[in-house]
Amino acid sequence: MDEVKDLAAQPLKKRIFSGIQPSGIITLGNYIGAIKNWVELQRDYECLYCVVDLHAITVRQEPAELRRRTFEAIALYVACGIDPEKSTIFVQSHVPAHAELAWVLGCYTGFGELSRMTQFKDKSQKHSDNINSGLFTYPVLMASDILLYQANLVPVGIDQKQHIELTRDVALRFNSVYGDVFTIPEPYIKETGMKINSLTDPTKKMSKSDPNPSSYIAVIENRDDTIRKIKRAVTDSDSVIKHAPGKDGINNLMSIYSCFTGKSFEEIEKEFAGKGYGDFKAAVGETCADGLENVRSEYARLIKDKAYIESIMKSGAEKAFYMSRKTLSKVYKKVGFYHV
Ligand code: TYM
């Protein structure tokens, strides 16, 4: 392990790690809350973007579907503008150090800390027939993902904030015992778009595991479906386009519109002053479909190029492997594992 290349040492740029579970079709929420920001951050950071398949099996998956979704997610990352020449794109299960570090960090994470995770509480309610220990220790695996690469910044939606706080706590605890082993990561969460809500119940997060396809926009669905779903999105009974407490449906559509146009809520209110929900929804639908047009055509091209997508997976896994080994061997040494 000593001759492992020193890729993790002193990166020239600050480092970013983030990932998406291949547990469903990737939605507009994933795009706005995560991928869109990942693309922008590539310019100034050294980025690792992962498809976190180990996380996905905390909920029962159909094997062939999981395999297909993993492949599609890599193609989608590239279609969205993640540049495999600039960023490391890889599949979590191709790099064994994630699971290995998770075991070690699990021994430095409290049962009580994990019990407080709201996502665990939500998911164990939703999947009450399968409350497995992976679901419970999931945040430890997520901490390992981030800490393995000494990431400075983790761009995510607001729902992941608690997991990043736990990651920081575990890293600080480990460092306080063994010295500066881990970089302490910061969440990167943009105010607008940090939580895109369901189109059928705008009090809830838009989710790729929602059984009702009308509740979400899939990044790769066709233009007409996007426009139709936004047209039918649940809104409140008054008809003023204004960002205000209690107007969850309109607030949500305004956030989507703002993320694609760069306009503030005030500017949007002015633009639609005197107009009704019909006009506004039509504009949001068109803008959203236009904003995803390039991604959709790129995806259609890339998904047919199996050799290219697999070559990205392979070279990404190779790079991630070396970087991850550097941290893992340091951790093993610190905790006292015998090395020959
Ligand atoms: P996942 O797969 O649920 O979601 C992937 C990313 O998309 C964001 N997101 C949203 N943002 C805004 N509005 C929404 N409706 C919405 N839905 C999802 C999520 O916040 C996330 O950034 N545990 C993570 C995956 C993960 C990870 C990591 C992330 C595993 N290891 C390490 C960062 C770093 C998850 O389940 O994300």
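**Close-ups of the ligand site and a nearby cavity**

View 1. Tyrosine 138 places an N or O atom of its side chain 2.5 Å from a nitrogen atom of the ligand. Aspartate 145 has a polar side-chain atom 2.6 Å from a ligand nitrogen, and a polar backbone atom of glycine 29 lies 3.2 Å from a nitrogen atom of the ligand. A polar contact here is a pair of N or O atoms within 3.5 Å. This is a predicted model, in which local features need pLDDT of at least 70, side-chain atom pairs count only at pLDDT 80 or more, and totals for chains, interfaces and linings use all residues. Residues are numbered from 1 along each chain as its sequence is written, and side-chain values use heavy atoms, with hydrogens and water left out.

**View 2. The shell around the ligand.** The ligand is surrounded by 27 residues (each with a heavy atom within 4 Å); Tyr138, Asp145, Asp159, Ile196 and Lys208 are the closest. Strand 1 (15-20), helix 1 (28-41) and helix 7 (133-148) each give at least two residues to this shell (DSSP runs: helices, H or I, of at least four residues; strands, E, of at least two).

**View 3. The largest cavity.** Here we turn to a space of about 50 Å³, counted as a cavity where a 1.4 Å probe fits on a 1 Å grid over the protein atoms alone but cannot get out; its volume is the space filled by probe spheres set on the grid points. Its lining, residues with an atom within 4 Å of a point, includes Phe120, Tyr138 and His163. Helix 6 (118-126) and helix 7 each supply at least two lining residues.

Definitions and conventions: A polar contact is a pair of N or O atoms within 3.5 Å; within protein, one must be able to donate a hydrogen and the other to accept it, and residues adjacent in sequence count only if both atoms are side-chain atoms. On a 1 Å grid over the protein atoms alone, a cavity is a set of points where a 1.4 Å probe fits but cannot get out, and a pocket is an open set with protein on both sides within 12 Å along at least five of seven lines; lining residues have an atom within 4 Å of a point.
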